[in-house]
Amino acid sequence: MNFDGKVAFVTGGAVGIGAAIARELAQNGAKVIINYNKSVDQAASLLQEAQEKNCQIEAIQGNVSSLSEVKAMIDHIIASYGRIDIAVNNAGITADNLLVRMNEDDFDRVIQVNLKGTWNVCRQVIPLMMKERQGKIINISSVVGIAGNPGQSNYCAAKAGIIGLTKSLAKEVAKRGILVNAVAPGFIETNMTATLKEELKQAILDSIPLGKIGQPEEVAKAVAFLASDWNTYITGQVIQVDGGLVMA
Ligand code: NAP
């Protein structure tokens, strides 16, 4: 895969799956702009690592759930690079609890960051991509947005919403040469899953046909494929990267 000359924006790109996506794109020639919210030090060390590897990564702070902050980030990218070829909506949070115990704030926050944040970025980049008559958008959903999960009604609703958003937008912009897809990871080893109880981790592991927890790099490779020139005919799809955990 070759991303020479391409400009890519990755939200939540300082840590976890987002950092793996940023590395994969940058190592293959893209100019990558990551967004971070709180991970200031991790963003700085990713930039340092990129410099050592002669890769181009820039970082911008911003909260994806704010449309005005997203607009400011996109305006900055256009002023500096003149274009955005690839947008990866990766930023996400969880606030797990059974619905009967979940408070309104935990529902709203998870929808705001995961779903509204994805819409905010799409809303800002789509007009630019329409002018160029090309572009790739990859939205990070989750297999629990397909299968559901107890204790995650907020997160599953957001991730299922991302799938609906992805398919609708794919249909809206297909004739403009823009391909929009979702990637739905299964159980991936990052900060998000690090806090799960050992018994739960083991139970999930036991139900993964490939018999191992996924790595961020394994998700990044699927995202890179969808973002690359190799993908000319896949749009509106949900690609599961889950070791076979959920089979429809
Ligand atoms: P992670 O390590 O917790 O990373 C979450 C990322 O989201 C961080 O970069 C964080 O940035 C960013 N973020 C959170 N709130 C934000 C906000 N308001 N504005 C901008 N960025 C924000 O988790 P991860 O596992 O890499 O998750 C990445 C994506 O994959 C998420 O969408 C997640 O739902 C999805 N996913 C993960 C798994 C899994 O098993 N790990 C499975 C399915 C789907 P800061 O650190 O800078 O705040």
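What you have here is a predicted model, so local features need pLDDT of at least 70 and side-chain atom pairs count only at pLDDT 80 or more, while totals for chains, interfaces and linings use all residues. Residues are numbered from 1 along each chain as its sequence is written, and side-chain values use heavy atoms, with hydrogens and water left out. Helices (DSSP runs of H or I, at least four residues) and strands (runs of E, at least two) are numbered from the N terminus.

**Around the ligand**

- Tyr-155 puts a polar side-chain atom 2.5 Å from an oxygen atom of the ligand, and Lys-159 has one 2.9 Å from a ligand oxygen atom.
- Ile-188 uses its backbone instead: an N or O atom there lies 2.8 Å from an oxygen atom of the ligand.
- On its own the ligand exposes 890 Å², and the protein buries 92% of that (Shrake-Rupley areas with a 1.4 Å probe; for residues, only the protein chains shown count as cover).

**The cavity**

- A cavity is a set of points on a 1 Å grid over the protein atoms alone where a 1.4 Å probe fits but cannot get out, and its lining residues have an atom within 4 Å of a point.
- Grid points are joined across faces, edges and corners, and the volume is the space filled by probe spheres set on the points.
- The count is one cavity of 30 Å³ or more, and the largest cavity holds about 30 Å³.
- Its lining includes Arg-23, Gln-27, Leu-46 and Glu-49, with α1 (16-27) and α2 (40-52) each supplying at least two residues.
- That lining splits into five nonpolar, one polar and three charged residues.

**Buried residues**

- Buried means under 20% relative accessible area, exposed over 50%, and partly exposed in between (1.4 Å probe, protein chains only).
- Asn-114, in helix α4 (residues 104-132), is buried at 0% relative accessibility. Its side chain makes a polar contact with the side chain of Lys-159 at 3.5 Å.
- Ser-228 sits in the loop between α9 (216-227) and β7 (238-241) and is buried at 1%. Its side chain reaches the backbone oxygen of Phe-225 at 2.8 Å.

**Positive phi**

- Most residues other than glycine have a negative phi.
- Asn-54 has a positive phi near 60 degrees. You'll find Asn-54 in the loop between α2 and β3 (56-61), exposed at 75%.
- Arg-133 has a positive phi too, near 55 degrees. Arg-133 lies in the loop between α4 and β5 (135-140) and is partly exposed at 48%.

Methods:
On a 1 Å grid over the protein atoms alone, a cavity is a set of points where a 1.4 Å probe fits but cannot get out, and a pocket is an open set with protein on both sides within 12 Å along at least five of seven lines; lining residues have an atom within 4 Å of a point. Ala, Val, Leu, Ile, Met, Phe, Trp, Tyr, Cys and Pro count as nonpolar, Asp, Glu, Lys and Arg as charged, and the others, Gly among them, as polar. A polar contact is a pair of N or O atoms within 3.5 Å; within protein, one must be able to donate a hydrogen and the other to accept it, and residues adjacent in sequence count only if both atoms are side-chain atoms.
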